[in-house]
Amino acid sequence: MNRVLAAALLLALSTPMLGGAPAEAAPTGVPVAGPWGIAVDPTADTAYVVGRSTNSLREIGGDGTAGATAPVGSFPLGAAYNPVNGYVYAANYSSGSVTVVDPSTMTVVTTVATTGLGAVGSNPYWVAVDETTGTVVVSFYSAGATIGVINPVTHALTSLALPVGQSGDSHVGAAVDSVRHVAYVSDSTAGLVDVVPLSGAAPSTIAVGGSPAGLAYADGRLYVGFASGTTLKVVDVDHGNAVTSVPVGNTPSGVAVAPGSDAVFTTNNGDGTLSVVDGRTGTTTNTITPNAVNDYLTWPAVDPTHRRLYIGDFTAGRVLIASPSDTAVATTLTLTPSASTAQTGETVTWTATPSTGTEPVTFYDTTSGSTALPGCTDVPVDGGTATCTVAYPTAGSFTVTARSAERIFLYEAASSAPGGVTVTAPSMTPTPTPTPTPTTSPTAPAPAAPALHGPSSRHLPTGEVGARYAGRLTAVGGVRPYTFAVTAGSLPPGLGLTAGGRLQGRPTRPGARTATVEVTDAAGTTAERDLTITVRRATAATLPAIDRAGQVAPPTHPTSYRGPERRTTAWRATAGGVDAYPVQRMRGRDLVRGEAATLSGDGLFAFDSARLTATGRAQVRALAVVLRARARAVRCEGFTDYAGSRRHELVLSRQRAAAVCSALVRMRAGVRASSIGYGPDRPAVVGGSATGRKENRRVVVLVTR
């Protein structure tokens with residue numbers, strides 16, 4: 001972008017061009033004059049918005065209540081929440097400074113003068129935070145080849161050089177990869193994204209073209225918005241920085257991403273729309289108008305914990321708060337059986353077809369109650385469908401229902417209408433006595449040899465160690481009854497085949513086994529087929545539910561509790577109440593989506609530190625093993641005791657959760673990781689002494705995908 005266009009960009013950001021008609025009704029949301037950057041504290045269900053027209057920072061509750069304000073510098077643009085020290089940072093474009101605010105009191109902690117870096121620091125535009133170390137990165141619109149770096153403890157300002165040749169360029173958005181500790185800064189002049197290792201290693205660039213503006217990073221992907229055009233670009237950081245384009249609304253300057261679901265949002269200030277993008281597939285799933293057509297939307301921000309999306313509406317002077325139902329696409333699920341009738345011992349394949357999305361489907365037997373069918377949990381959608389093959393050993397009428405998973409902000413969960421199948425026992429027709437025939441007549445042909453029918457290595461359900469396995473083999477032709485037997489190879493340990501063709505038992509070892517199965521009919525004719533059964537490692541579902549008898553709800557003010565030590569319902573549980581088993585009990589198992597493990601805080605970290613001890617590293621290494629096979633994404637939740645100050649414990653819990661996530665990535669767990677700290681708010685144990693409450697100091701890891 002040439003210098004004239006650069007000036008035009010700044011003008012557009014200074015004075016929005018509001019070509020649309022005014023809204024017919026007052027927009028919903030929280031009044032903020034000139035809302036621009038938005039910072040979110042997901043542990044407090046609170047957002048903080050800079051008011052460009054009032055030079056202030058406004059506190060906004062997730063329920064839509066307006067809180068206190070704090071003064072900041074002139075013409076504030078960027079805002080970021082630092083989970084390490086609990087402060088909010090505001091970049092003041094016209095003041096040449098960054099204001100640091102304590103959100104617990106909404107008072108200014110300090111003001112960092114970026115002009116100390118010289119002319120390059122005159123116009124700070126955006127701020128971003130390394131959520132593991134707390135390091136704050138500042139981009140500058142001023143002509144210069146430098147970014148600012150603020151120490152989260154001392155607030156000292158240093159700088160890191162951008163690639164050579166950018167001394168005259170304008171830099172806008174900033175984002176940080178908190179696992180690799182790399183900053184990304186958009187160069188709106190040269191059509192580049194700068195890659196700046198916070199270690200001080202040599203920077204590099206990624207060519208994206210156009211005039212890049214807002215940036216957002218999550219789970220190995222960098223999302224790039226633009227100050228013109230109708231395209232969002234996605235950079236696959238994990239695969240050589242490959243760049244793809246996604247069509248979105250007009251002028252998608254602002255970008256935000258919901259970690260875990262990879263829902264990406266662009267605020268399109270050229271037409272007042274919000275584009276919703278599936279970051280995994282690179283497709284736009286929905287386009288909505290949050291308020292009025294042609295409203296100038298500034299920047300979005302996501303609270304993944306409380307499932308909220310904040311959107312700045314400069315025209316209306318409000319911050320809008322959207323929920324997943326406002327952005328997600330409604331999905332319908334059609335369920336069809338391969339047959340509506342079957343005989344005992346035969347199989348029926350159920351096919352679920354979602355109208356949109358590719359979220360996994362679980363099939364349930366809803367004949368009486370609702371029980372997930374064996375081998376049919378979280379079945380991936382392949383080619384637009386998910387299938388489940390069920391063997392029916394007994395006669396009766398059976399119903400099946402399919403349910404697709406929700407993907408927050410993108411696709412709503414869906415349930416199919418129940419499907420039915422009627423299973424009957426085969427009719428036994430007596431064999432008539434043959435009429436003698438002259439010896440000169442041709443000999444009647446022998447009965448046809450039986451052939452295995454139905455299950456094959458492709459259709460047999462996958463087993464799981466410790467879980468009941470049920471399958472059935474059938475045959476057609478020949479003379480009934482049939483007898484089945486394994487003649488070569490072997491079934492998985494723990495499984496057996498009855499003479500009647502039933503595969504049953506509880507597998508004891510993971511792996512795939514191939515067996516040759518022979519069927520013999522009443523006339524002694526045989527046929528055979530090779531069948532393969534795969535057994536996966538057990539999951540937490542095969543463990544007994546955690547006994548919660550006698551536990552109490554975590555008190556709102558645990559310091560006021562007096563009495564002996566007592567466990568709460570937060571013991572061995574995620575913040576959302578999912579059972580979280582000690583990682584030692586998961587040995588030989590896999591953790592899958594919706595399951596969790598607890599890492600004991602006693603000896604996990606050095607005292608009052610986020611540094612993992614040798615014991616802690618061993619626990620994380622063991623956890624990496626149980627995640628490697630079937631988990632794809634996790635959330636690390638940090639918790640502490642309540643003996644110290646709440647602020648200190650919050651910071652420590654966030655640092656420890658981030659440390660575990662970083663260690664899992666380093667130990668090749670094969671997962672994308674995000675972290676959050678809850679501090680002392682959900683104690684596992686109350687009462688007694690801090691020494692006796694060691695179970696409060698813990699990190700819980702939940703598999704989210």
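Predicted model: local features only at pLDDT ≥ 70, side-chain atom pairs only at ≥ 80, totals over all residues.
Q: How should I read a sheet, and what is the order of the strands in the open sheet of four strands?
A: As a general idea, the strands of a sheet pair through backbone hydrogen bonds, and the pairing is either parallel or antiparallel. Here the four strands of the open sheet follow the order β14-β15-β16-β17, and their pairing is antiparallel. The edges are taken by β14 (171-177) and β17 (204-207), each of which has a single partner strand, so one side of each is left without a neighbour in the sheet. On average, and with direction ignored, neighbouring strands of this sheet are turned by 25 degrees against each other.

Q: Over how many bridges do β15 and β16 pair, and which residue stands opposite Tyr184?
A: Strand β15 (residues 182-187) pairs with strand β16 (residues 192-197) in the antiparallel sense, over six bridges. If you look for Tyr184, you will find Val195 of β16 standing opposite.

Q: What do β8 and β9 form, and how many residues lie between them?
A: These two strands form a hairpin with four residues between them, and in the turn Met106 has a positive phi of about 50 degrees. The pairing of β8 (residues 97-102) with β9 (residues 107-113) is antiparallel and runs over six bridges. One of the residues to look for is Thr99, whose bridge partner in β9 is Thr111.

Q: How far does helix α4 reach, and is this helix mostly covered or mostly uncovered?
A: A helix can be read by setting its reach beside the expected one. Helix α4 (residues 646-666) has 21 residues and reaches 30 Å from its first C-alpha to its last, which is close to the 30 Å expected at 1.5 Å a residue. The helix is mostly covered, with 15 of its 21 residues buried. Following α4 comes Arg668, whose phi is positive, near 60 degrees.

Q: Where does the disulfide of Cys376 and Cys388 lie in the chain?
A: Cys376 is joined to Cys388 with an S to S distance of 2.1 Å. The pair links distant parts of the chain, with Cys376 in the loop between β33 (371-372) and β34 (386-391) and Cys388 in strand β34, twelve residues apart. The torsion about their S-S bond is about 85 degrees, so this disulfide is right-handed. Both Cys376 and Cys388 are buried.

Q: Which parts does the pair of Cys636 and Cys661 tie together?
A: In this disulfide, Cys636 is joined to Cys661 with an S to S distance of 2.3 Å. Cys636 lies in strand β52 (residues 633-639) and Cys661 in helix α4, so the pair ties together parts that are 25 residues apart in sequence. The torsion about the S-S bond is about 115 degrees, so this disulfide is right-handed. Cys636 is buried, with a relative accessible area of 0%, and Cys661 is buried with a value of 4%.

Methods
Residues numbered from 1 in each chain as written. Heavy atoms only, no water. Pairing = 2+ DSSP bridges. Axes fitted to C-alpha atoms, helices over the stretch in contact; angles between N-to-C directions. Expected span 1.5 Å × (residues − 1). Buried < 20%, exposed > 50% of the residue type's maximum accessible area, 1.4 Å probe, protein only. Disulfide = S-S within 2.5 Å.
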